[in-house]
Structures are given as C-alpha cells and as structure tokens.
Amino acid sequence: MKRLLIVAALSVTLLLASCSSEEKSVDITLGEGILGDRSVEEVLADDEVDVKDLKDNGDGTVTLTVTKDQQARMLKETKEQIETIDLEDYDTVESIEPNKDLSKITVIVNDQEAFEQSMDAFITLPLGFSGSLYQAVDGKTGNDVNTVIEFKEDGKKPFHTFTFPEDLPESEE
C-alpha cells in the first residue's frame, strides 16, 4: 500500500513540476488519504515539487495551485494509470471499466469464487487511489471524493462493492 501511495504522490509531483506561471491557475485540494503517511513537506522535499502556491489547510488537506494546462495533464495521466494496470498480475480479473470521472469503476472477473479465494481484491487500492486522485484534481473536495468499485462476473450483477476511501480500515496510531 505504501508503494501505491508513493506512486500516486510521485505522479502528482511529476505533473506539477512543469507548471507555467503565465497561465490561468486552478486550486486542487488533496485529502490526507491521497498523501498517505507522508507529510506535505516530505512530498515536496522528496520529489522537488514546483507549484505556484501550496497551502496546508490545517485539517489534513493541502491545496495546490497549478495551471489549467497542468491540471489537464494530471487528469490525463491519472486516467492512464488505470488503463495501464497490468491485468496479468491479477489471475481472475478480465477487465476494468471506469466511468468518465472515475467515480465508479467496474472490475469484471472470470470467476467469483476464484476471485474471492485469491489476492486479486488488492486491485482495489490502485483503482481507489487513482479514482480519488482524479476526482480531487478535477475539483471535488472532502466527502465528495469517493470511488465506488464494483466486482462482478461478465453479464451478472455485482457481488461486491467497495467505496474508496470510506471502506478502508481505520489506521491505528
């Protein structure tokens, strides 16, 4: 999971690095779930993020100011993260079908019982992080950012639904 958090943070930081100060700006608020265990300062220091403005909102969220072009690139690259998930790593997953804003992602499996006996449910993490990141970059904030991930066999009703990040277990500190 830590690897996924680092990948998500790195994706954001790589995209933010090329901001131009002459273009129109947009604010993006990222929730603490998107940053994972890393503080804003750690993300900025480790990845050398160059943003127009950065504000720690004091509630576990951070607001980044980027150009509209940068926002569009971030949205495109976040969608591509889902499209490039290697399904060979998941024996029972046949396909991934996201909606336009990544608020709902359907995972088609070849056999429900085999899926439930495998570790393939871990696909929930990269899908949930990518969906939530996309929505945050697209302007949603707070409780409006959630990704519903449905698991089903082709042509059948969903046998399991997971809402990210709401259904994540609480971390113990």
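Which residues have the most contacts inside the largest nonpolar core? The close-ups below get to that, after a word on the model. This is a predicted model, where local features need pLDDT of at least 70, side-chain atom pairs count only at pLDDT 80 or more, and totals for chains, interfaces and linings use all residues. Residues are numbered from 1 along each chain as its sequence is written, and side-chain values use heavy atoms, with hydrogens and water left out.

**View 1. The whole chain, with six helices and seven strands.** Helices (H or I, at least four residues) and strands (E, at least two) are DSSP runs, numbered from the N terminus. Along the sequence the pattern reads α-β-α-α-β-β-α-β-β-α-α-β-β. Of the 173 residues, 40% count as buried, meaning under 20% relative accessible area with a 1.4 Å probe, protein chains only.

**View 2. An open sheet of three strands, in the order S1-S3-S2.** The pairing is antiparallel; two strands pair if DSSP finds at least two bridges between them. Strands S1 (25-30) and S2 (53-56) sit at the edges, each pairing on one side only. On average, neighbouring strands here are turned by 20° against each other, direction ignored. S1 and S3 (residues 62-67) share six bridges, and Ile28 has Leu64 in S3 as its bridge partner.

**View 3. Helix H4 (residues 68-83) packs on that sheet.** H4 touches S1 and S3, with contact taken as heavy atoms within 4.5 Å. The direction of H4 makes about 110° with that of S3; axes are lines fitted to C-alpha atoms, for helices over the stretch in contact, and angles run from 0 to 180 degrees between N-to-C directions.

**View 4. The largest nonpolar core, with 27 residues.** Here's the reply to the opening question: Leu30, Ile96, Val107, Ile123 and Leu127 have the most contacts inside this core. Such a core is a set of buried Ala, Val, Leu, Ile, Met, Phe, Trp, Tyr and Cys residues joined through side-chain atoms within 4.5 Å. Elements giving two or more residues include S4 (93-98), S5 (104-109) and S6 (147-153). H6 gives the largest share, five residues.

**View 5. Helix H6 (124-137) and what follows.** Since 14 of its 14 residues are buried, H6 is largely enclosed by the rest of the structure. Its end C-alpha atoms are 20 Å apart, which agrees with the 20 Å its 14 residues should span at 1.5 Å a residue (1.5 Å times one less than the number of residues). Just after H6, Gly139 takes a positive phi of about 115°.

Conventions. Buried means under 20% relative accessible area, exposed over 50%, partly exposed in between (1.4 Å probe, protein chains only).
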